[in-house]
Amino acid sequence: MNLALLAERDLSERGPRVRLWFEERSYANRDLHDASLRLASVLSALGVARDDRVMVLLPNCPEVLIAFPAIWRIGAVAVPVLPLLEHHEVEYIALDCAPKLIVTTVELLPKVRRISALTLVVTEGRGEPPAPALSFERALAQADTYGDAVTREGDDLAVLLYTSGTTGRPKGVMLSHLNLIANAENTYNTSRRKQREDVSLLTLPLAHSFGLGALVSGYLFGGRAILMRRFVPDLALRLIERHRATVMAGVPTMFLSMLRVEEPYDTSSMQRWIVGAAPMSVAQIIEFEARFGGVLHVGYGLTEASPTVAAEREGEPRKAGSTGRPLEGVEVKVVDDEGQTLAPGEVGELCVSGANVSLGYYGLQDETEATFRGGWLHTGDVGYLDADGYLFVVERKKDLIIRGGFNVYPADVEAVLRRHPDVLDCAVVGVPDPLLGEQVCACVVPRPSRQVSAEQLIAHCQGALAKYKTPRYVEFLDTLPRTPIGKVKKRELREWVLKRLAGHG
């Protein structure tokens, strides 16, 4: 149960082979493994030791497949960070986990310059990074190979994945070596396709739990991968045609944008498309399958579950609105407010148990005890199981907005809006969007005698938030609907917004 050993296992069981294609170049599994051994030596020489955190702020690129195994080999902990985050969000994560070293690129270097940590910079042949940062490529070229992997147990921490909390404060989800291996094995054991090695199109950020899960599965069960630096719909289809890809995992936004590509591509090799992170209607699924072939499987998961909980299975009936049955190795129950297990068909909170469930939140003991209690992960999601064991998610975490597969917590946006001098009060809700699933709408009460426009508030947010968190709409009103204890009635507000937007249309 040591992730550092997976690359060696792959080489031993399958021999040298092409593991990855990236931007017109192929990468052999042996070459990637050898590079990770040299990077492990570099990290060790720079003082990174067992249990130290190493932040990996990279777009999708082969260096990610070199960095993660190197970090695990010396017994350290990988902290993947989405490049989409703004500099202050990256700094908050660094302050929380105190990384010993950062791996990043020239373009992303400004986001980490104020962080007190050693930095390795992927320059991609564009010279030396500014001091005191070090060149990733030069360091590898001059390094010897590292020896045996540091011994790690299954419950030892392997990855810290940060996800926004309901208060707007990012939380580091602690994923162990066992968690990530169990997630991959659960997926494999659930699948009926155990004899064929897939050619996977990797479109999701490898700093996202969904993408990380796909990466670990590739080490465990073989196959080849085509990695995209960033998702572009027509390029994705072109790569499928060229490499005869068989599987792709993504979020609804990706699949819907592919439907908008007019040029025809040969996607007859595709057998499975896997969608998660946000809802996708049956009509959209049927339209997608009719055009591109294969079967689109819906799944449900969350970072705290490493991440997959349930998924539709090949050969089983599709039920509208369902995310399929829980994976083998995963148990799901539905409980009421008193924690009592509910009967099939009854709606309540979804709770998850299994070896894939996270160790908890880094440095947040109270929140860990509240969420991971009694041997169950209390997801905060509402849903039910039917008589056949199919899972139906009725509502995501309270007030959570899922825009293009990325989680947006209203508190993040509300905190920024409140910093504007012309904003008296505000609340943020999600509204349906045919492409992105949901859009962010800010409901603002201006200060008396102040005049502020929607464009000004959007620009204000753009300067402080990641682009996917920035409001698409701003609606003004005199007061926010509140309960007697002063809590904003989000459902009532959302209904008001929908009527307003329908009127605008």
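1. In this predicted model, an open sheet is built from three strands in the order β25-β26-β27, with mixed pairing; strands (E, at least two residues) and helices (H or I, at least four) are DSSP runs numbered from the N terminus, and two strands pair if DSSP finds at least two bridges between them. The edges are β25 (423-433) and β27 (473-476), each of which pairs on one side only. On average, neighbouring strands are turned by 25 degrees against each other, direction ignored, where axes are lines fitted to C-alpha atoms (for helices over the stretch in contact) and angles between N-to-C directions run from 0 to 180 degrees.

2. Ten bridges join β25 to β26 (residues 437-446) in the antiparallel sense, and C426 has V444 in β26 as its bridge partner. Helix α12 (residues 410-417) packs on the sheet against β25 and β26, its direction making about 145 degrees with that of β25; contact here means heavy atoms within 4.5 Å. Helix α13 (residues 454-462) also packs on the sheet, touching β25, β26 and β27, at about 130 degrees to the direction of β27.

3. With a disulfide taken as a pair of cysteine sulfur atoms within 2.5 Å, the count is zero. For C61, the nearest cysteine sulfur is that of C97, 19 Å away. The sulfur of C443 lies 4.5 Å from the closest one, in C441, which is too far for a bond. C443 is buried at 0% relative accessibility, and C61 is buried at 3% (buried: under 20% relative accessible area, 1.4 Å probe, protein chains only).

4. Residues are numbered from 1 along each chain as its sequence is written. Local features need pLDDT of at least 70 and side-chain atom pairs 80 or more, while totals for chains, interfaces and linings use all residues, and side-chain values use heavy atoms, leaving out hydrogens and water.

Note on methods
Buried means under 20% relative accessible area, exposed over 50%, partly exposed in between (1.4 Å probe, protein chains only).
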